[in-house]
Amino acid sequence: IWQIVTSLHVGGGDTIIDMAHKFYTLAVDHNFTRGRRTTHVAAACLYIACRQSKKAYLLIDFSDYLKISV
């Protein structure tokens, strides 16, 4: 999560990282990570954290970084 934040220059620092980490922990607890790549789940959690914090990042920003289809 930290690597994605620094690469995309997401503002919010530790607050956004902590929020995304909580979403990631929730995903692990509900077996959402099973069969999915860690980076994809981490990016999805960071996307949710950005949306919750009203940050101007779109899903396509994360998919471009990961070089995957939306």
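## Ser69 and the annotated span

Ser69 is exposed, with a relative accessible area of 68%, where exposed means over 50% relative accessible area, buried under 20% and partly exposed in between (1.4 Å probe, protein chains only). This is a predicted model, in which local features need pLDDT of at least 70 and side-chain atom pairs count only at pLDDT 80 or more, while totals for chains, interfaces and linings use all residues. Residues are numbered from 1 along each chain as its sequence is written, and side-chain values use heavy atoms, with hydrogens and water left out.

Ser69 sits in the segment after helix 4, helices being DSSP runs of H or I with at least four residues, and strands runs of E with at least two, numbered from the N terminus. Between the C-alpha atoms of Ser69 and Leu59, which are 10 residues apart along the chain, the separation is 10.0 Å.

Ile60 counts as partly exposed because its relative accessibility is 43%, whereas Ser63, at a relative accessible area of 6%, is buried. A polar atom of the Ser63 side chain lies 3.1 Å from the backbone oxygen of Ile60. Beyond its neighbours within four places in sequence, Ser63 is in contact (heavy atoms within 4.5 Å) with Ile68, Ser69 and Val70.

Ile60 also belongs, together with Leu58, Leu59 and Val70, to a nonpolar surface patch of about 370 Å². Accessible areas come from the Shrake-Rupley method with a 1.4 Å probe.

## Positive phi in two loops

Most residues other than glycine have a negative phi. His9, although not a glycine, has a positive phi of about 55 degrees, and this residue is placed in the loop between helix 1 (2-8) and helix 2 (13-29). With a relative accessible area of 67%, His9 is exposed.

Asn31, also a residue other than glycine, has a positive phi near 55 degrees and lies in the loop between helix 2 and helix 3 (38-52). Asn31 counts as exposed, at 53% relative accessibility.

Note on methods. Patch = residues over 30% accessible without salt bridge, like charges linked within 9 Å, V, L, I, M, F, W, Y side chains within 5 Å. Salt bridge = Lys/Arg side-chain N within 4 Å of Asp/Glu carboxyl O. Polar contact = N/O pair within 3.5 Å; in protein donor to acceptor, adjacent residues only side chain to side chain.
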